[in-house]
Amino acid sequence: MNTLAQLKAGQLAGIQRLDLSCGLTEFPREIFELADSLEILNLSGNALSSLPDDLHRLPHLRVLFCSDNAFTELPACLGQCAKLSMIAFKANRIRHVPAAALPPLLRWLILTDNCISQLPDELGERPLLQKLMLAGNHLAHLPPSLANCHNLELIRIASNRLTGLPDWLLALPSLTWLAYAGNPVEMAADVAADDATPDIPWSALELAEVLGEGASGVIRKALWQPSAKPVAVKLYKGSITSDGSPLHEMQACIAAGLHPNLIKVEGRVVGHPDDQAALVMDLIEPSYRNLAALPSLASCTATSTNRLPASASRWHCAWLAASPRWARTCTAMASPMATCTATISCGTRRATACSGISARRRSMPPPTPWKPGHCNALKCVRSECCSGSCCSGST
């Protein structure tokens, strides 16, 4: 993280990435002194509500992060930035997205957790658009013009007000990831599966160290009394993530059922002193390993900007939504190029492994053989796919 003092002292000359999070209420004009080199600008975690009209004076700017600020409108000045391709304004107060705010080379648009009820038709006139993240807004429909976005790979529209999905949506040729949990169109939860899940009293759990943390929750090691069985407890956060409410993830965990490549859900926690939602799961053996590290800007964009060699093969898992209807739907795609052309459908039981649940990122031990279409809860077994944006699902 850089400091405002460094910027004003001229100590950041020549840098390509600038990260400033220091309670800014106005855009520091000193940033323009970095115009010859600046490509990535991260102003997340401030109190900004506007950007300067002459932002285009940063001619090399490719990536702009302004999440967790106070914007009520996507700034129109973005549309004048010739090289800008990735825009993130998550967790602001945005109600209006003007067409003028869409730069011509737009590839990623992240507007999660805002107050947007309508998108401009001009969004469909951005042919390079690949990722569209709109969870946690007030959208009742999508612009029909998006049917023209043939490079669109990922759409996250969970926790909106959609009563139906347009016919063109699943016909998009490059679409590999669609999440729409928490909309009226989503089918009701699988009551039978939910009712069959045992309740585990909070008082029966002795929590120990933290094992990991993600966007939706914190996982801790615990002992389940009275047998002192070692387990993992995932405590869900309440904020909106890119795939909607963490509670939808918990429902998907339960609905996915039993599968040898999914971590078993022992039960749902009841009686938490703060009414926090939580699940108790099997504790995996130490011999299991992570298949990929946490995503970075470089790893998330690598497969989107570089095509694979003709001899390579990629397998993609698509989690369509955290609902019982789609938690058992998976497609494995094989193609020598970045855009998949051949699809193979997984069987119903095997497809439960593709429910896209971060709490179940159980790595396959090395001896386990690879099977086509065999995915492991968002972490594909094929090493070629581990860093792919389709499988990381963490953006």
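Colleague: Hi! Which residues of helix 3 are buried?
Modeller: In this predicted model, the buried residues of helix 3 are Pro246, His248, Glu249, Met250, Ala252, Cys253, Ile254, Ala255 and Ala256. Buried means under 20% relative accessible area, exposed means over 50%, and partly exposed lies in between, with a 1.4 Å probe and protein chains only. Helices are DSSP runs of H or I with at least four residues, strands are E runs with at least two, and both are numbered from the N terminus.

Colleague: How many of its residues is that, and what comes after helix 3?
Modeller: Nine of the 11 residues in helix 3 (246–256) are buried, which leaves the helix mostly covered. Gly257 follows, with a positive phi near 75 degrees.

Colleague: What does helix 3 pack on?
Modeller: There is an open sheet of six strands, in the order 9-13-14-12-11-10 and with mixed pairing. Two strands count as paired if DSSP finds at least two bridges between them. Helix 3 packs on this sheet and touches strand 12, strand 13 (265–270) and strand 14, and its direction makes about 145 degrees with that of strand 12. Touching, or contact, means heavy atoms within 4.5 Å. Axes are lines fitted to C-alpha atoms, for helices over the stretch in contact, and angles run from 0 to 180 degrees between N-to-C directions.

Colleague: OK, and strand 12 itself: enclosed or open, and why?
Modeller: Largely enclosed by the rest of the structure, because six of the eight residues of strand 12 (229–236) are buried.

Colleague: Which strands does strand 12 pair with?
Modeller: Strand 11 (217–224) pairs with strand 12 in the antiparallel sense over eight bridges, and Val218 stands opposite Leu235 there. Strand 12 is also joined to strand 14 (278–282) by five bridges, again running antiparallel, with Ala232 and Met281 as bridge partners.

Colleague: What about the turn between strand 11 and strand 12?
Modeller: The two strands form a hairpin with four residues between them, and Ala228 in the turn has a positive phi of about 60 degrees. Strand 10 and strand 11 make a hairpin too, with three residues between them. That pair is antiparallel over six bridges, and Leu205 stands opposite Trp224.

Colleague: Switching topic: where does Thr197 sit?
Modeller: Thr197 is in the loop between helix 2 (191–195) and strand 9 (199–201). Thr197 is buried, with a relative accessible area of 10%. Leaving out residues up to four places away in sequence, Thr197 touches Ile254, Gly267 and Arg268.

Colleague: Which residues have the most contacts inside the largest nonpolar core?
Modeller: Those are Ile31, Leu41, Leu55, Leu74 and Phe89, in a core of 55 residues. Apart from it lies another core of 11 residues, among them Ile110, Met133, Leu154 and Trp177. A nonpolar core is a set of buried Ala, Val, Leu, Ile, Met, Phe, Trp, Tyr and Cys residues joined through side-chain atoms within 4.5 Å.

Colleague: And what does Leu74 touch?
Modeller: Not counting residues up to four places away in sequence, Leu74 has contacts that include Ile87, Phe89, Ile94, Val97, Leu109 and Leu111.

Colleague: How confident is the model overall?
Modeller: The mean pLDDT is 77, and 72% of the residues reach 70 or more. pLDDT is the predictor's confidence in each residue, from 0 to 100.

Colleague: Where does pLDDT stay under 50?
Modeller: Over residues 188–192, with five contacts beyond four places in sequence, and over residues 303–395, with 235 such contacts. Where pLDDT is low, the predicted coordinates should not be read in detail.

Colleague: Last one: which conventions apply to numbering and to the cut-offs?
Modeller: Residues are numbered from 1 along each chain as its sequence is written, and side-chain values use heavy atoms, with hydrogens and water left out. Since this is a predicted model, local features need pLDDT of at least 70 and side-chain atom pairs count only at pLDDT 80 or more, while totals for chains, interfaces and linings use all residues.
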